[in-house]
Amino acid sequence: MDKQYNPQAVEKTAQEHWLANNSFAVQQDDSREKFYCLSMFPYPSGKLHMGHVRNYTIGDVIARYQRMQGKNVLQPMGWDAFGLPAENAAIANKVPPAQWTAQNIDYMREQLRQLGFAYDWDREIATCDPDYYRWEQWFFTRLFDRGMAYKKKAEVNWCETDQTVLANEQVVDGCCWRCDNPVERREIDQWFFKITEYADQLLADLDGLDQWPEQVRTMQRNWIGRSEGVELDFDFNGEPLSVYTTRPDTLMGATYMAVAAQHPVAKLAAKNNPELAAFIDAQANVKVAEADMATMEKLGMDTGLTATHPLSGEDIPIWVANFVLMSYGSGAVMSVPAHDERDHAFALKYGLPIVQVVDKAGSEFDAGTWQEWYAEKSTDTRTVNSGEFDGLGFDAAFNAIADKLEGMGKGKRSVNFRLRDWGVSRQRYWGAPIPIINCKQCGAVPVPESDLPVVLPTEVAFEGVGSPLKQMPEFFQTTCPKCDGDAERETDTFDTFMESSWYYARYACARNDTAMLDAEADYWAPVDQYVGGIEHAILHLLYSRFYHKLLRDEGLVSSDEPFIRLLTQGMVLKDGAKMSKSKGNTVDPQAMIDRYGADTVRLFSMFAAPPEQSLEWAESGVEGANRFLKRLWKMATAHVESGPAAALDVAALDEQQKSARRKTHETIAKVSDDYGRRQTFNTAIAAVMELCNELGKLDDSEQSRAVLDEALRAVVLLLNPIVPHVCHTLWPMLGGAGDILDAPWPQVDESALTRDSLEIVVQVNGKVRAKMDVPADAAKDAVEAMALAQDNVQRFIEGTTVRKVIVVPGKLVNIVAN
């Protein structure tokens, strides 16, 4: 027995044992409750960072804890392997993306093994593997046949020099991040999924996700953005110019219309207006993410054209404005500057009329200054300057104006969603090929199932100018499955969110080569615990929910949602900022593992902060975690070297021994709650550390050693999910039976929690004046009498009249005197 804690030796032994016994491989077992624990899989960027370590340690702690509850636990791992970084690395390192990705996967897999994560590696997947994306392609063809996948023109950021589409973050000051040439907005054909057809389901089912953070559910509700309003028509040269509004009550305050630069009305006006044409062209080259539109400078130009108001009959000017998106709604909006902050700022900038049509009692309207109440639709507001609709509250005005428009055939009530269909195609190389053949005679034709997968060529010279697939006739030249005529394969590839939207289900049947999903996948679904960053709250988590419903409707799963419980972990900070290479504040986990051992890194990651909060990296904290493990090792080995402990005789325990045993079982109760319900692993660790401090006070008497013997086994079991290597070694040393992986979670002995006496606080007029020990079964009258008899209490009630004595059993006595 090594008296000194040697993490490298301890961890090597444990990991070899787990590998030799395939300790984390699981199969369907209907005799036990299943538990599927999953952490969001990593992009194989080359090396793990501390964010990975924290994320995957949280998941591993939960998985190991649930296994100790006797459940059949699945915890898999794989690689989100497609995507832009591999293309960038290929350019920089002059290696094909496939080679770079494979090397990174091999290195990062070994790092994960060193951290001791309890993964079923038999189920490992990489999304760049044709055996994986084959089924994604198959499912796409099914969705295409159902009309759920379609192609239409959509705006993208286009770099003419590199012949490629750029993500918003790749456009810097209007130029390509790589070649520094101007980027333009261009309409090209893109593939879409009809996620909007599931908008109502996606919104309604959020109510059932009561084990998700409310913040995430709110973000998804806002992203889906259900609104009730009116679609109405202004008249433009005898043709309807349609808009949608949630505020028909303000219709009489519409003083101008705004259309997108790509709107047909804007293009019509630009034909004979060179200045407007130049403005429209300039807007086509401006990259603005939708999220940034609220804060960007609002720009516009008068088209010189007008539209007729549907109720007043007045002509109002039509402007081209950069805050209107052609891809959202009709590409036109009615602008009410008195009651919309964006419209107000635009009207002030360009000198457009501002007409108040909503008033609020006790408030004064000033057209030159925006006030928050202008946009209110409360019970305190009433319509003004609205003709026959004056004096109405929001609901009454909404309905009256909607009824009028519907009666005139100029509008109708409508429910709209902010959510738009999901664009799933990318004009990039490193992704799963879209299984479509384009035929001049037959149009878009899905690749037959017998010809799947459409394999992405991996031996390519990738230089970053366009997709190499477009220069590979051996890839794109083919024949049409319908007419046998000459045709071309689709050279677009899938958005990487496609792969990450269903990977959790494929883990459950990763080696099935005859079906996308099977009965075992349905057994494991849905995921019981999902762990990942809050930054994935909308896109990944929303797309996964949508994809799961598609799988359900195809009969591949029977559940409605993919993830039952969600934990969103906080970031890892250093020097007060998120770790990043650009800030120079990263910490290499491998260096920490080599120096302190994986258990120390895991312990620090769980102890430094609650999982959902940001963690501040501190070397001193890592050293503290290491000192605790050394101390635990020393306590355990010293106890074992002292020889076998006597049998525990509860009746023979003195007060200190009873107190230590009580502390042990109080700790078991607290840690069980912290792991299971609260998921506050930092407080669980703190409770175990506190217990160890108490155990250190015990003497070497026979029953003290018996109490310590029971307590140390409990400590090892309680810490096993967090520091599994050291616990794997200490468990048999302390007489634990079998492999600790299969040891049951310690149970609370309720009898150990009882006390012969309790410490009670005594207050006089709400201020603590004494503390006293009373028998645990003391009657209320006896407790009251003891409190009044305390010397310090006597001093504060002397010369007063005791009006009332309040006894809170087991806690305090408050004496009211004056």
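Colleague: In what order do the 3 strands of the open sheet stand?

Modeller: This is a predicted model, where local features need pLDDT of at least 70, side-chain atom pairs count only at pLDDT 80 or more, and totals for chains, interfaces and linings use all residues. Residues are numbered from 1 along each chain as its sequence is written, and side-chain values use heavy atoms, with hydrogens and water left out. Strands are DSSP runs (E, at least two residues), numbered from the N terminus. The pairing in this open sheet is mixed, and the order is β29-β28-β30.

Colleague: Why is one side of β29 and of β30 left without a neighbour in the sheet?

Modeller: Look at where they stand: β29 covers 577-578 and β30 covers 615-616. Both are at the edges, so each has a single partner strand.

Colleague: Which residue in β29 stands opposite Leu573?

Modeller: Two strands pair if DSSP finds at least two bridges between them. Strand β28 (residues 572-574) pairs with β29 in the antiparallel sense, over 2 bridges. Opposite Leu573 stands Lys578.

Colleague: How many residues of strand β14 are buried?

Modeller: Buried means under 20% relative accessible area, with a 1.4 Å probe and protein chains only. Strand β14 spans residues 315-321 and is mostly covered. The count is 5 of its 7 residues.

Terms used:
Helices (H or I, at least four residues) and strands (E, at least two) are DSSP runs, numbered from the N terminus. Buried means under 20% relative accessible area, exposed over 50%, partly exposed in between (1.4 Å probe, protein chains only).
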